[in-house]
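Open your viewer and get ready to click along. We will go from one selection to the next and look at what is there.

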Amino acid sequence: MEEKPRPGTGGDIYVPYEERQGNESIVYFTRDFSAQGLARVYEQVNGNIHGKVGLKLHTGEQHGPNILPRDWVKSLRDKESELRDSNIVETNTYYEGDRYTTELYRKTLEVNGWTFCPVDIMDEDGIADLPVAGGKWFDTIGVGDHMLSYDSLVVLTTSRAI
């Protein structure tokens, strides 16, 4: 296999699709940017959601763009029985700004209106190193240690400004 660096990635190695190993991720999306569209796409994946659930989404810098509307997330959480006791989960940022420390992040959450349910800053108490079995580039990955308390993680994201 000829290894070609991916442009703009600092020398990472590109592996052509046909030569990749492992499972493919299934990604669901919708062009219906509404609370109802979000609920319909969630219905495609909710069969495996159980236990303590984290809702991972971008809660944003103060007054920042590209944030899923809070009322959509609240509606989904209120409607779906397995999400009613869920927490929004986030981590502090590596760059200085409105989410650089847990204290700053809590203020940003308040400013942006993420107050309708608990928000767990997963790295507030530290990092846990998890093993990566058969990893090509690394054998452990650091995650916020609160992640170990969750059974399911639902990731809500958008690829455009709403």
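The tour below starts with strands and ends with charged pairs.

This is a predicted model, in which local features need pLDDT of at least 70 and side-chain atom pairs count only at pLDDT 80 or more, while totals for chains, interfaces and linings use all residues. Residues are numbered from 1 along each chain as its sequence is written, and side-chain values use heavy atoms, with hydrogens and water left out.

**Stop 1: the strands.** Select strand β3, residues 53-56. Helices (H or I, at least four residues) and strands (E, at least two) are DSSP runs, numbered from the N terminus. Two strands pair if DSSP finds at least two bridges between them. Strand β3 runs parallel to β8 (residues 152-155), joined by four bridges, and Val53 stands opposite Ser152.

**Stop 2: the core.** Select Leu83, Val154 and Leu156, the residues with the most contacts inside the largest nonpolar core, which has 24 residues. Such a core is a set of buried Ala, Val, Leu, Ile, Met, Phe, Trp, Tyr and Cys residues joined through side-chain atoms within 4.5 Å. Buried means under 20% relative accessible area, exposed means over 50%, and partly exposed is in between (1.4 Å probe, protein chains only). Which element gives the most to this core? Helix α1 does, with five residues. Show α1 (residues 35-43) and find its buried residues, among them Leu38 and Val41. Next, centre on Leu156: beyond residues up to four places away in sequence, Leu156 touches residues including Leu38, Lys56 and Leu76. Touching, or contact, means heavy atoms within 4.5 Å.

**Stop 3: the charged pairs.** Side chains of opposite charge can pair when their charged atoms come close. A salt bridge is a side-chain nitrogen of Lys or Arg within 4 Å of a carboxyl oxygen of Asp or Glu, and the count comes to six. Select Glu61 and Arg99, whose side chains meet in a salt bridge at 3.1 Å, N to O. Glu61 lies in the loop between β3 and α2 and Arg99 in the loop between β4 and α3, so the pair ties together parts that are 38 residues apart in sequence. Arg99 counts as buried, at 7% relative accessibility.

Now pick Lys74 and Asp78, a salt bridge with its closest N and O atoms 2.7 Å apart. Both lie in helix α2, four residues apart, about one turn of the helix. Lys74 is partly exposed at 35%, and Asp78 is partly exposed at 38%.
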